[in-house]
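Colleague: I would like to go through some side-chain contacts and the strand pairing with you. Please keep to what can be computed from the atoms.

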Amino acid sequence: MRFNLAKKMIFIKNVNILHILVFSAVISSCNQKNNAQVSPQEQAKNTTREILKPGKELDPNYVASKVASITHFYKKTWPNNSMNGSILVAKDGQVIFERYSGVTDTKSKDSITSTTPLHLASVSKVITATAILKLVDQKKLTLDQKVTTLLANFPYPDVTVKTLLNHRSGMRNYAYFTGEKGIWDRHKILSNQDILDIMATKKIDLEFKTDTRFSYCNTNFAMLALIIEKVTALSYEDAMKKLIFTPLDMKDTYVFDYERDKGTAVPSYRNNSKVALDYLDAIYGDKNIYSTARDLLKFDQGRNSALFFNPELLKQAYIGYSNEHVGQNNYGLGMRMINWPTGQNFYFHNGWWHGNTSSFITLPIEGVTIIALSNKFTRSTYKVRELSVLFGDYPFKIDDDGKQE
């Protein structure tokens, strides 16, 4: 009896295991079938939704207290809605404050809204840098790769992708050397490729030996845009759509094309006078991305998501690479920063081109994004850094205009 009972228990156990295996196989087969039915486009949309999903709902009392403080700052900084642009503050992907004021054009009187793309000026550099890091992540180039291996006739053998990103290449600013006699006819529109050709043929010397010091220089990012085009075999505009804008659902963001957009892009103003375009307005990579505060929030969410970006690679963007002199101001890979002796760090990038001013602030530890854009020249745009004290220990002084561009 005991022997038969033991055999019966073994039989039941084996049957149960068999049932479990069969059931698992069926489930696995169904999952594979379901996955096969999801198109790459749908998978991409699902990833985008996951990236842009906001964090845990914020406490209403918390939000109310922040809104009250930000509203006070806004009214003090731009009395009577005089900003002529946009401001947005978000926590964990959730907008807690935004305002849009002024007009896109003094003739049409069209209002600036949440979907009005404004010129980002040098905040474009953060986006260009992110595209480069995405290509590094995809193993299509390396940070230490010599630019001579990527751009034909590039004349500076020691310059690397990294020294372009952190402004340690030693190259001169194209806005200066193209203005010198015999270098360029300023009645002709300058292109990124023209800058490279001029440096290769006109004996434009380096300002200093590569990687010996920091010098903020727009030429670095004009060359990074050419590298993006070389590596992707796409125009900069199409590459940015593929790498950044489309994956992050940045529907109101575009790269300015001089011939196509010069008559339709939102213009900029100084003292109510429209600023005319000039021969430098076709250069991209260092500037010429138009976007909105809401799209920049999506961009910041994407940069900080492991689904979009390798976190270990992103850390390199937040390292200061200019340490020749002890000080607080530093520059990473397409990102300005302030490093205080206390160990607190502040990450941002400002912009200024013609009458456009912009400020992009990301506080990864606090999960906060602060953005301000204006198409009517004002340094008040940079004052939004003061709002960071509402979220962390950032020792800014009142009325600090944060002018760095």
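Colleague: Is arginine 172 buried, partly exposed or exposed?

Modeller: This is a predicted model, in which local features need pLDDT of at least 70 and side-chain atom pairs count only at pLDDT 80 or more, while totals for chains, interfaces and linings use all residues. Residues are numbered from 1 along each chain as its sequence is written, and side-chain values use heavy atoms, with hydrogens and water left out. Buried means under 20% relative accessible area, exposed over 50%, and partly exposed in between (1.4 Å probe, protein chains only). At a relative accessible area of 25%, arginine 172 is partly exposed.

Colleague: Which residue forms a salt bridge with arginine 172?

Modeller: A salt bridge here is a side-chain nitrogen of Lys or Arg within 4 Å of a carboxyl oxygen of Asp or Glu. For arginine 172 the closest N and O atoms of the bridge are 2.4 Å apart.

Colleague: What is the order of the strands in the open sheet?

Modeller: Two strands pair if DSSP finds at least two bridges between them. β3 and β7 (residues 289–291) run antiparallel and are joined by 2 bridges. β3 (118–119) and β4 (254–255) each have a single partner strand, so they stand at the edges. The order of the 3 strands is β3-β7-β4.

Colleague: Which residue in β7 stands opposite histidine 119, and which residue pairs with phenylalanine 256?

Modeller: Rings of Phe, Tyr and Trp (its six-membered ring) pair if their centres lie within 6.5 Å; planes under 30 degrees apart count as stacked, over 60 as edge-to-face and the rest as tilted. The pair with phenylalanine 256 is stacked, at 5.7 Å centre to centre and 25° between the planes. Phenylalanine 256 lies in the loop between β4 and α10 (258–261) and its partner in strand β7, so the pair ties together parts that are 34 residues apart in sequence. The residue opposite histidine 119, and the ring paired with phenylalanine 256, is tyrosine 290.

Colleague: Which side chain makes a polar contact with the side chain of tyrosine 279?

Modeller: Tyrosine 279 is found in the loop between β6 (273–274) and β7, and is buried at a relative accessible area of 10%. Not counting residues up to four places away in sequence, tyrosine 279 touches (heavy atoms within 4.5 Å) several residues, among them Ala175, Trp184 and Leu190. A polar contact is a pair of N or O atoms within 3.5 Å; within protein, one must be able to donate a hydrogen and the other to accept it, and residues adjacent in sequence count only if both atoms are side-chain atoms. At 2.9 Å, the partner is threonine 178.

How values were computed:
Helix = DSSP H or I, 4+ residues; strand = E, 2+ residues; numbered from the N terminus.
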